[in-house]
Amino acid sequence: AADIAARKPTTNRFGGLIGKDTVGGIAFGLPLTNENIREGLAAAFEAGGKEGLATAPPPAQAMMGELIKGLSRTLRSGEFDVAAALNGPDKDGRYMLTAGISFDDPAALEKELRALYKTAPGEVKALLKLDAAKAGELNVHVARVGPVLPPEAQRVFGDEAEAAFTFAPKGIYVAFGTDSVSALKA
């Protein structure tokens with residue numbers, strides 16, 4: 001009770017994703033002010049993650065392990081915000097999905113992504129371009145997924161839709177649509 005009473009109101013670090021063009025959005029944060037709650041959530045997440053890791057394809061296990069470690073660090077930090085916004089339609093009737101999630105120091109996760117990419121089959125490398133652009137000092141990676149989307153999703157996001165993502169010091173940002181790099185930079 002004392003922890004809750006002492007808690008100061010916070011804002012969502014990704015709340016700015018929801019703007020005047022947003023047709024649907026969500027922003028939430030977990031007020032992890034109590035150390036026991038933080039530790040309990042992180043331990044539960046790690047236990048569940050170990051089960052999932054055991055069934056992950058061997059090439060992806062190192063990256064999945066870093067994802068679990070990073071999310072556990074984030075939960076333990078007490079700073080966990082998530083936001084997503086669906087914006088549009090643009091002049092062509094397409095929509096853009098943008099999202100952000102707190103992630104404490106994703107550098108190791110990005111390193112594992114790069115290692116996994118080196119051994120990826122050619123068809124995966126044809127869809128994913130690492131370091132496709134820059135957002136300030138951050139590398140932006142792009143996955144060209146539009147051609148493999150079902151027709152229903154292509155009507156919403158476009159047949160040239162791309163997923164752009166970047167790893168910032170305290171979060172991971174993603175944009176999905178036909179001009180995802182520009183949306184991610186914004």
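Visitor: What should I know about the model before we start?

Guide: This is a predicted model, in which local features need pLDDT of at least 70 and side-chain atom pairs count only at pLDDT 80 or more, while totals for chains, interfaces and linings use all residues. Residues are numbered from 1 along each chain as its sequence is written, and side-chain values use heavy atoms, with hydrogens and water left out.

Visitor: Why are H2 and H3 called roughly antiparallel?

Guide: The axes of helix H2 (residues 35-55) and helix H3 (residues 61-77) cross at roughly 170° and come within 8 Å. Angles run from 0 to 180 degrees between N-to-C directions, the axes being lines fitted to C-alpha atoms, for helices over the stretch in contact. An angle over 145 degrees counts as roughly antiparallel (under 35 is roughly parallel, 65 to 115 roughly perpendicular, the rest oblique), and H2 and H3 are therefore roughly antiparallel to each other.

Visitor: Which residues make the contact between H2 and H3?

Guide: Contact means heavy atoms within 4.5 Å, and the residues that make it include Leu41, Phe45 and Leu53 of H2 together with Met64, Ile68 and Leu75 of H3.

Visitor: What makes strand E6 largely enclosed by the rest of the structure?

Guide: A residue is buried when its relative accessible area is under 20% (exposed is over 50%, partly exposed in between, with a 1.4 Å probe and protein chains only). In strand E6 (residues 162-168), 6 of the 7 residues are buried, so the strand is largely enclosed.

Visitor: How do you know that E6 pairs with E7?

Guide: Two strands pair if DSSP finds at least two bridges between them, and E6 and strand E7 (residues 171-177) have 7 bridges in the antiparallel sense. A hairpin through 2 residues joins E6 to E7, and Phe165 stands opposite Val174 in E7. Strand E5 (residues 138-144) also runs antiparallel to E6, joined to it by 5 bridges, with His141 opposite Phe165 and Arg144 opposite Glu162.

Visitor: Why are E1 and E4 said to stand at the edges?

Guide: The open sheet has 7 strands in the order E1-E2-E3-E7-E6-E5-E4, with antiparallel pairing. Strand E1 (22-31) and strand E4 (128-135) each have a single partner strand, so one side of each is left without a neighbour in the sheet.

Visitor: Which strands does helix H4 lie across?

Guide: Helix H4 (residues 107-118) lies across E4, E5, E6 and E7, and runs at about 140° to E4.

Technical notes: Helices (H or I, at least four residues) and strands (E, at least two) are DSSP runs, numbered from the N terminus.
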